[in-house]
Amino acid sequence: MCVSDNQVTIKLTSDEALVLSHWLEKLQMTDLSRVVDDPAVWVPIHRIAGTLDKALPGLFAPDHDQRLEADRQRLRPED
């Protein structure tokens, strides 16, 4: 993570980005007012989600579900 000029830069692997993008999409589609009770929190959530949507060219690929599951498997810790 890098902080400069009042901006924070976070670097993610492509696996992390796709898994996080999917989770954020689900978060935004769910009524989470009891969990996310401060409207100010939604501002960065929407910004991160929008940035990921633009940065992930395969987000709407026909094999998206398979890619997402493969990324999840790589990110899960081994037992």
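Student: How far apart are the mean positions of the positive and negative charges of the protein?

Tutor: They are 3 Å apart, for 9 positive and 14 negative charges. Lys and Arg count as positive and Asp and Glu as negative, while His and the chain ends are not counted. Each charge is placed at NZ of Lys, CZ of Arg, CG of Asp or CD of Glu. Keep in mind that this is a predicted model, where local features need pLDDT of at least 70, side-chain atom pairs count only at pLDDT 80 or more, and totals for chains, interfaces and linings use all residues. Residues are numbered from 1 along each chain as its sequence is written, and side-chain values use heavy atoms, with hydrogens and water left out.

Student: OK, and how many salt bridges turn up in the whole structure?

Tutor: The search finds 5. A salt bridge here is a side-chain nitrogen of Lys or Arg within 4 Å of a carboxyl oxygen of Asp or Glu.

Student: Which residue does glutamate 69 meet at 3.6 Å?

Tutor: That's arginine 72, with the distance taken N to O. Helices are DSSP runs of H or I with at least four residues, strands are runs of E with at least two, and both are numbered from the N terminus.

Student: And which arginine does glutamate 69 meet at 3.3 Å?

Tutor: Arginine 76, again in a salt bridge between side chains.

Student: What about arginine 74, which residue does its side chain meet?

Tutor: Aspartate 71, in a salt bridge of 2.3 Å, N to O. Both lie in helix α3, 3 residues apart, which is about one turn of the helix. Arginine 74 is exposed, with a relative accessible area of 52%, whereas aspartate 71 is buried at 6%. Salt bridges with shared partners also tie Asp15, Asp71 and Arg74 into one network.

Student: How much of the protein counts as buried?

Tutor: 25% of its 79 residues. The accessible surface comes to about 6,500 Å², and 55% of that belongs to carbon and sulfur atoms. Those areas come from the Shrake-Rupley method with a 1.4 Å probe, and for residues only the protein chains shown count as cover.

Student: What size of box do the C-alpha atoms fill?

Tutor: Roughly 35 × 35 × 30 Å, taken along the principal axes. As for contacts (heavy atoms within 4.5 Å), take those between residues at least 6 apart in sequence: 61% of them join residues at least 24 apart.

Student: Back to the surface. Which residues form the nonpolar patch?

Tutor: Val8, Ile10 and Leu12, with about 280 Å² of accessible area together. Patches are made of residues with over 30% relative accessible area and no salt bridge; like charges are joined within 9 Å, and nonpolar side chains (Val, Leu, Ile, Met, Phe, Trp, Tyr) within 5 Å.

Student: Where is leucine 12?

Tutor: In the loop between β2 (7-9) and α1 (14-28). Leucine 12 counts as partly exposed because its relative accessibility is 40%.

Student: I'm also curious about the lysines. Where does lysine 11 lie?

Tutor: Lysine 11 lies in the loop between β2 and α1. It is exposed, with a relative accessible area of 75%. Lysine 11 and alanine 61 are 50 residues apart in sequence and 23 Å apart in space, C-alpha to C-alpha.

Student: And where is lysine 54?

Tutor: In helix α2 (residues 39-55). Lysine 54 counts as exposed, at 77% relative accessibility.

Student: Last one: which helix holds lysine 26?

Tutor: Helix α1. Lysine 26 counts as partly exposed, because its relative accessibility is 47%.

Note on methods:
Buried < 20%, exposed > 50% of the residue type's maximum accessible area, 1.4 Å probe, protein only.
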